[in-house]
Amino acid sequence: MGLIFFFDLLFCQILLIHSLPNFVIFLADDLGYGDIGCFGNNSINTPNIDSLAEDGVKLSHHLTAAAVCTPSRAALLTGRYPVRSGKYI
């Protein structure tokens, strides 16, 4: 039992030393490229999203599997085409 605990503790220490970066994915319905402040919109205040974009990576080329909500969410969560998940446009 003590040996298993030792290896678990060692594994946790290795993970802490070589930790991977965190990813935050925003999936929003009907959000255009210029609708948030970090991409140039001055009429809508989005200070929290702007600070995340300022501290991290701002990606500007993105594609979606469908033009509507349910199929695009199914594709993001499963990594499959929406039709394969039973979600249709």
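The structure is a predicted model, in which local features need pLDDT of at least 70 and side-chain atom pairs count only at pLDDT 80 or more, while totals for chains, interfaces and linings use all residues. Residues are numbered from 1 along each chain as its sequence is written, and side-chain values use heavy atoms, with hydrogens and water left out.

Confidence comes first. The average pLDDT (the predictor's confidence in each residue, from 0 to 100) is 77 for the chain, and 74% of the residues score at least 70. Helices here are DSSP runs of H or I with at least four residues, numbered from the N terminus. Where pLDDT is low, the predicted coordinates should not be read in detail.

As for the cysteines, a search of the whole structure turns up 0 disulfides, a disulfide being a pair of cysteine sulfur atoms within 2.5 Å. Cys38 is buried, at 17% relative accessibility, and Cys69 is partly exposed, at 27%. Buried means under 20% relative accessible area, exposed over 50%, and partly exposed in between (1.4 Å probe, protein chains only).

Asp50 sits in helix H2 and is partly exposed, with a relative accessible area of 23%. Leaving aside residues up to four places away in sequence, Asp50 touches Ile36, Gly37 and Cys38; contact means heavy atoms within 4.5 Å. A polar atom of the Asp50 side chain lies 2.8 Å from the backbone nitrogen of Cys38. Phe39 is 11 residues from Asp50 along the chain, with 8.7 Å between their C-alpha atoms.

Methods:
Helices (H or I, at least four residues) and strands (E, at least two) are DSSP runs, numbered from the N terminus. A polar contact is a pair of N or O atoms within 3.5 Å; within protein, one must be able to donate a hydrogen and the other to accept it, and residues adjacent in sequence count only if both atoms are side-chain atoms.
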